Amino acid sequence: MSESRPVTLRRSLHFVPGGNEPMFNKSLGLAADALILDLEDSVTADNKESARAAVCEWLQADFGRQQKLVRINAQDSPWGRDDLEAVVAARPDGLVLPKVSTRASVDAIEQILNVLETEHGLPPGSVDLVLIATETPEAVFNLPQMARNRRVNGVSWGVEDLSSALGARAKRDENGDYLEVFSYVRSTCLLSAAAAEVQAIDAVYVDIDNLAGLERECRRAADMGFRGKLTIHPAQIDVVNAAFTP
């Protein structure tokens, strides 16, 4: 079990593309429980540095009740370490880590955070970690150990990148349900989070126009034990909040 990390209950965790000022300003008025300011998938390579600067500036705004999280780039990318150093200096509530595959990779980030918190006068252990931790096949088998890092307080799973890694031709069947391998990974995420006593967060639902399908998926996820879901469109937030409200 992770070392008694408090479980932060977030029904909706909403992605905001880094550098998109109008979308950020709009997001502050949304009902999402957490905002994930994104420096990874929603930002092109030639805009990484400007997006990072914008996100660090955004972190100084008044988020009200919303938790402020930042998805940084993977540490083996050209931007990952610079993201980590700049964002921690701007004092987020937590970091969202993509494409982590081993417990050692999570522990390495924890060690860097220990140093950065001291350098910037932050309380030790104040920057939480949320993992999007099944974007590679290797990560699926290491997820129970990764979830037990003492900074981790939320675990989600990544179906889109995993699908690409597998060379899968489809992710869902004709009824809209996940194919067997993706159902297995989803269950592994839930079980790993429960075993580590951290929040289980369901993956994004990419068909943004199908709110009925989203509602069905949220209801089933909540019935299984998930406590929140990632969102990528403002219209999804109310559906997600309704499904995961205790």
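**Helix packing and selected residues in the predicted model**

Arg-91 is found in the loop between α3 and β4 (94-98). Helices (H or I, at least four residues) and strands (E, at least two) are DSSP runs, numbered from the N terminus. The structure is a predicted model, in which local features need pLDDT of at least 70, side-chain atom pairs count only at pLDDT 80 or more, and totals for chains, interfaces and linings use all residues. Residues are numbered from 1 along each chain as its sequence is written, and side-chain values use heavy atoms, with hydrogens and water left out.

Phi of Arg-91 is near 65 degrees, a positive value in a residue other than glycine. Most residues other than glycine have a negative phi. Arg-91 is partly exposed, with a relative accessible area of 42%. Here, buried means under 20% relative accessible area, exposed over 50%, and partly exposed in between (1.4 Å probe, protein chains only). Glu-197, in the loop between α7 and β7 (199-202), also has a positive phi, near 60 degrees. Its relative accessibility is 44%, so Glu-197 counts as partly exposed.

Helix α3 (residues 80-89) packs against helix α4 (residues 103-119) at an angle of about 35 degrees, and the axes lie 10 Å apart. Axes are lines fitted to C-alpha atoms, for helices over the stretch in contact; angles run from 0 to 180 degrees between N-to-C directions. From α3, the contact is made by Arg-81, Leu-84, Glu-85 and Val-88. From α4, Ile-109, Ile-112, Leu-113 and Leu-116 take part. Contact means heavy atoms within 4.5 Å. The residues of this contact divide into six nonpolar, no polar and two charged. Ala, Val, Leu, Ile, Met, Phe, Trp, Tyr, Cys and Pro count as nonpolar, Asp, Glu, Lys and Arg as charged, and the others, Gly among them, as polar.

Helix α6 (residues 159-166) has Val-159, Leu-162 and Ser-163 as its buried residues. They cover an arc of only 105 degrees around the axis, which puts them on the same side of α6. The arc is that of the directions from the helix axis to the C-beta atoms. Their cover includes α5 (137-146) and α7 (180-196). Just after α6, Gly-167 takes a positive phi of about 70 degrees.

Phe-182 is placed in helix α7. At 1% relative accessibility, this residue counts as buried. Phe-182 touches Val-159, Leu-162 and Ser-163, among others, not counting residues up to four places away in sequence. Lys-171 is also one of the residues touched. The C-alpha atoms of Phe-182 and Lys-171 are separated by 7.0 Å, with the two residues 11 apart along the chain.

Ser-156 lies in strand β6 (residues 152-156). Ser-156 counts as buried, at 1% relative accessibility. A polar atom of its side chain lies 2.8 Å from the backbone oxygen of Ile-201. Beyond four places in sequence, the residues that Ser-156 touches include Leu-131, Cys-189, Ile-201 and Leu-230.

In helix α9 (residues 234-244), the buried residues are Gln-236, Ile-237, Val-239, Val-240, Asn-241 and Phe-244. What covers them includes β1 (12-17), α8 (211-224) and β8 (228-231). Asn-241 has a relative accessible area of 7% and is therefore buried. A polar contact of 2.7 Å joins the side chains of Asn-241 and Ser-12. Such a contact is a pair of N or O atoms within 3.5 Å; within protein, one must be able to donate a hydrogen and the other to accept it, and residues adjacent in sequence count only if both atoms are side-chain atoms. Asn-241 also touches Arg-11, Ala-31 and Asp-33, not counting residues up to four places away in sequence.
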